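Open the model in your viewer and keep the selection tool at hand. The tour goes stop by stop.

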Amino acid sequence: MSDVRLEGIYKRFGDNIALENVDLNLKDQEFFVLLGPTGAGKTTALRVIAGLEKQDRGHVYLDGETVDSVQPADRDVAFVFQQYSLYPSMSVYDNLAFPLRSPLRQTPEDEIKRRVTGAAEILRITHLLERKTARLSGGEMQRVSIGRAIVREPRIFLMDEPLSNLDAKLRESLRVELKHIQKTQGSTTLFVTHDQIEALTVADRIAVLQDGRIVQVGTPHDIYDRPANTFVAQLVGTPRINLVSAARTDGGLRVVGSDMTLPAPLTSNGKMPEKVMIGVRPEDIRPGSGEHRGQLALVEPLGVETILHIKTGEVTLVSVVAGVPFYRLGDPIAFALATERLHYFDNDGKRV
Amino acid sequence: MTAVPSNPNAVPTPGAPNVNVNFSTRVDKVSRGARWTRNVRAVIIIIIALIMLIPTVWMAMTAFKSRPDAVAVPPKVFFEPSLEGFVSLLTNRRQLTATEIAEYQARTDLAWADQIALVRGQTIIGPSDFPRQLLNSLIIAGVSTIFSVGFGVLAAYAFSRFPVPGKDDLLFFILSQRMLPPVVVTIPIFLMYRQVGLYDTHFGMILLYTAFNLSFSVWLLKGFIDEIPREYEEAAMVDGYTRLQAFRKIVLPQATTGIAATTVFTLIFSWNEYAFALMLTSDVARTAPPSIPLVLGTGGIEWAAIAAGSLAFLIPVVIVTFLLRKHLLRGVTFGAIRKG
Amino acid sequence: MANIDLVNVEKKFGDVFAVKPLNLSIKEGEFIVFLGPSGCGKTTTLRMISGLEAVTDGNILLNQRDVTWLHPSERDIAFVFQFFALYSHMSARENIAFPLQAAQTPRDEVKQRVAQVAKMLRIDHLLDRKPGALSGGDQQRIALARALVRRPAAFLMDEPLGALDAEYRESMRAEIKRLHLDIGATTVYVTHDQVEAMAMSDRIVIMSAAVVQQVGTPTEVYNNPANLFVARFIGSPGMNLLKGTYQAGAIHLPGDNRYPVSPAWQRTLDHHLPGNGAVIVGFRPEAVQLNPEGELNASVYADDLHGGYSMLHLELTKGEVIHARAGREVHMNIGAPARFEIVPERVRFFHPETELAIPLPEGSATR
């Protein structure tokens, strides 16, 4: 296993700048997640590390050495694609064995057998080894894809949204398995996704990509509790964070479009900013009692918790509470905000 | 569930089919009316197909007719089959003198072909040029197809996967070559070939056909290769294969449908090609198309012979297409994650 | 506004059932969701209601009118597709007007209705754009507008949020629900995402392998799942399910755990369980309460942050891991011992062979 470093990577496709000044530093055995919406450049970053794309500027280091001019085959990285990665005319066993049979590796057959059956056991697909891949379900196919990467025992695993095409339930279970496998095998993994729950649950560290630039790197807690800007704040957390504009008045910040006044943050130089964006996470809005008033616009019961849409003035705030509270649509509602957990952002969206 | 009370204002139920619908189909396609329409349409299509086949069938029949039958008016559907046409096509004969005819008629050891020739007062002196020309067609069309498809698939792959500078322009350039009527350039090519010594050579014809087919082959194959997800060969490359190995082991097997289709099309073009064959060959490398119409006998046009020649000419292509039919018809299924 | 009745509706392909005989009464104005994994038959059922798929047996009634063999266009329903199915060469306005023009509605009326619907969905500023240039969320709004403008008796929606990015799904979900509250039209909605089903529906029809597993309100299917499939499928993650042996008033669970059963449940269990006392105990992650003096013990297998809360994975014994929901500040080391309790009203029991839920004892609180 090894560490991976990206330094100042720049890559463009025609008019589209896919990656701009990207620096990344993965530690050995880390489960590192690249999170961002579609088109943010995450897949490009992965492909640059694998050697499937050549960057325009910048360097890629594997184990401290530059690999900029090294062919993908020689970089010793394993790539798990989102789809279309299994060879349809071969059995599962042959698919798993394929990387080991390459002219580069020339592994003896008994070694191949050992690794293939080992990987099949870890992924619980031993019963599928003789089947043709065309007859597998979506979840089974992705397990085989991951198995193909595991047999290689590579320096690093690169995974490009491997779970995105699967049903919600399958994603949940495979996600936990993946994390468990990574921890027990100790494999350095770079995992790309647009699903923030996936990122929060599996990652040791997350890097958030926005339009080809890295805007924040940190542990799941860092990203969730101290988002660097409004983009990151809105990206993680379900339901999404509430963002409202507020302007300075006497005694605090007045939320635009309602008559709520919230306390101002203490900035480092003691001055209160003129205009801010305030972020409140749904779980930090506590309905039932409090100084603010609103009306219940929508109720979404999820069983374990209930999402309440509270309309106050022009602004609708989304709150989430445990269990099933006793409210009806249209009821007037009082609520409080956990003021110590408010997030403040300036006009550019950066954290204050 | 309790029975639903009948509503006096209810619209009467449209006719439910009395057939088992255990396949995927829209509601209106199942009714009696829809099935009847489907059957009528099928019958009409079959009739039209049969009508389309008539010229070919007629030609095949004519190949086996005797000379008088071939030109009979009204046309003869039922006739006594004869191999006269084939004999005319495949052999060179000379007229016999009257005494020779009598002599030959007395003999009992004549080969069947000689017997047929004797009916018209001729004897066989050797094979005609046709078999050799047919062979030339096979060689020239076959080899040029192999080259066009072989180079074509490599070029198509490059166009599909690599950022070739000026790719769009090059592709259009390639496609536009298809718009050129070959006839227009026969004279210049004739002059060039004469100069270089390629006139009437197999190599010259192969070279020419390959050049003309390459454009179509690249264009067609690129479409098929575009459909093959890059992830397949990228996975192989990351796993330790060079691009060429990945191409051979992964892309080519996936592209068989496209290659089969392209092979059939380029073969048909080269096989049927007339203008260049006529102008740029005379003897050594002459192919079948220009020579079939020249199968003229003394004393009238030998329709049976021409039909026989056309039939013989038709058969190789039919065989190739038949052999490749599975590839042409097979839907390509890519092993991928299924959605729902 | 319509009620829809499905009477013994089934769909077979050869000898294989895609949908086994299904009976359902959908009330006027109800938002009903067909929920299940891929291939369970939910989309096929929806398509049979619409007429895009013919039934192999059974009847479909719309307002007591038998429509089983009517052409889709004659059923007065509107279909919203997962991949929008918008006409890319027409502007948004033309797309929305299309069905009205097909019905030969007078021009002025078309204009008025299109404007009204566009306002409702807040796409009036996009009417002259072509759909291809717009975001997924906006495209789906146009598709919804096209369905709405017809004022049909019922709306049929086939995973309309499936093709949208996660950020749009949440807001579009709330919008569709709000729309339903405003208009009150009967809506049949298909999805594989149980969060969507729970959030939006009046009733959920859960299907698996061509069979209806349970029909009920979100609260019903969440708190009282009819069988193991529903228990696992609803909830994220699903219910914790442990195999145990019931004996002398208590259940022996993995990891040397002994769970005492209340007298009320004891009687029911005595009645329903097989002779060998095998039973499956179910409880949701939020019913687990960490307590140093708790009756049950396990060790920490993993913990992850889910944003506003943490999920602890507790291993009772090798291979038996349960999930427990805890506050976000909770963090435990892997391997640390954890003692816990289960909230008594939240426990459910299942028959190990039939997989059916064991009915609640008389008079117990059905939360």
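Two residues are in contact here if their C-beta atoms, placed from the backbone, lie within 7 Å. Keep that cut-off in mind for the first stop. Note too that this is a predicted model.

**Stop 1: a helix pair in chain B**

Select residues 202-226 of chain B, helix H9, and residues 256-272 of chain B, helix H12. Their axes are 10 Å apart and meet at an angle of about 155°. Angles over 145 degrees count as roughly antiparallel, so H9(B) and H12(B) are roughly antiparallel to each other. The crossing of H9(B) past H12(B) is right-handed.

Now show side chains. From H9(B), pick Tyr209(B), Asn213(B), Phe216(B), Ser217(B), Leu220(B), Leu221(B), Phe224(B) and Ile225(B). Across from them, in H12(B), are Thr257(B), Gly258(B), Ala261(B), Thr262(B), Phe265(B), Thr266(B), Phe269(B) and Ser270(B). Colour this contact by class: 9 residues are nonpolar, 7 are polar and none is charged.

**Stop 2: where chain C touches chain A**

Select the contact between these two chains. Chain C supplies 29 residues and chain A supplies 30. Which elements of chain C give two or more residues to this side? They are helix H5 (166-183), helix H6 (194-200), helix H7 (218-223) and strand S16 (296-305). H5(C) gives the most, with 5 residues. By class, the chain C side has 12 nonpolar, 9 polar and 8 charged residues.

**Stop 3: the domains of chain C**

Stay on chain C. Colour 4-229 as domain 1 and 238-350 as domain 2. The centres of the two domains, taken over C-alpha atoms, are 39 Å apart.

**Stop 4: cis peptide bonds**

Go to Ser236(C) and Pro237(C): a cis peptide bond joins them, with omega about 0°. Pro237(C) sits in the loop between helix H8 (228-233) and strand S11 (240-247) of chain C.

Then switch to chain A. The bond from Thr238(A) to Pro239(A) is cis, with omega near -10°. Look for Pro239(A) in the loop between helix H8 (230-235) and strand S11 (242-249) of chain A.

**Stop 5: positive phi in chain A**

Select Asp76(A), a non-glycine residue with a positive phi, near 60°. The loop holding Asp76(A) runs between strand S5 (65-66) and strand S6 (77-80) of chain A. Asp76(A) has 19 other C-beta atoms within 10 Å and is partly exposed.

Finish at Asp211(A), in the loop between strand S9 (205-210) and strand S10 (213-218) of chain A. Asp211(A) is not a glycine, yet its phi is positive, about 50°. Is Asp211(A) buried or partly exposed? With 16 C-beta neighbours inside 10 Å, Asp211(A) counts as partly exposed.

How values were computed. Residues are numbered from 1 along each chain as its sequence is written. Chains are lettered from A and ligands numbered from 1 in the order in which they are written. This is a predicted model: local features need pLDDT of at least 70, side-chain atom pairs count only at pLDDT 80 or more; totals for chains, interfaces and linings use all residues. Axes are lines fitted to C-alpha atoms, for helices over the stretch in contact, and angles run from 0 to 180 degrees between N-to-C directions. Helices (H or I, at least four residues) and strands (E, at least two) are DSSP runs, numbered from the N terminus. Angles under 35 degrees count as roughly parallel, over 145 as roughly antiparallel, 65 to 115 as roughly perpendicular and the rest as oblique. A crossing is left-handed if the near helix is turned anticlockwise from the far one by less than a right angle, and right-handed if clockwise. Ala, Val, Leu, Ile, Met, Phe, Trp, Tyr, Cys and Pro count as nonpolar, Asp, Glu, Lys and Arg as charged, and the others, Gly among them, as polar. Domain bounds come from an automatic or database domain assignment. A residue is buried if 20 or more other C-beta atoms lie within 10 Å of its own, exposed if 12 or fewer, and partly exposed in between; C-beta atoms are placed from the backbone.
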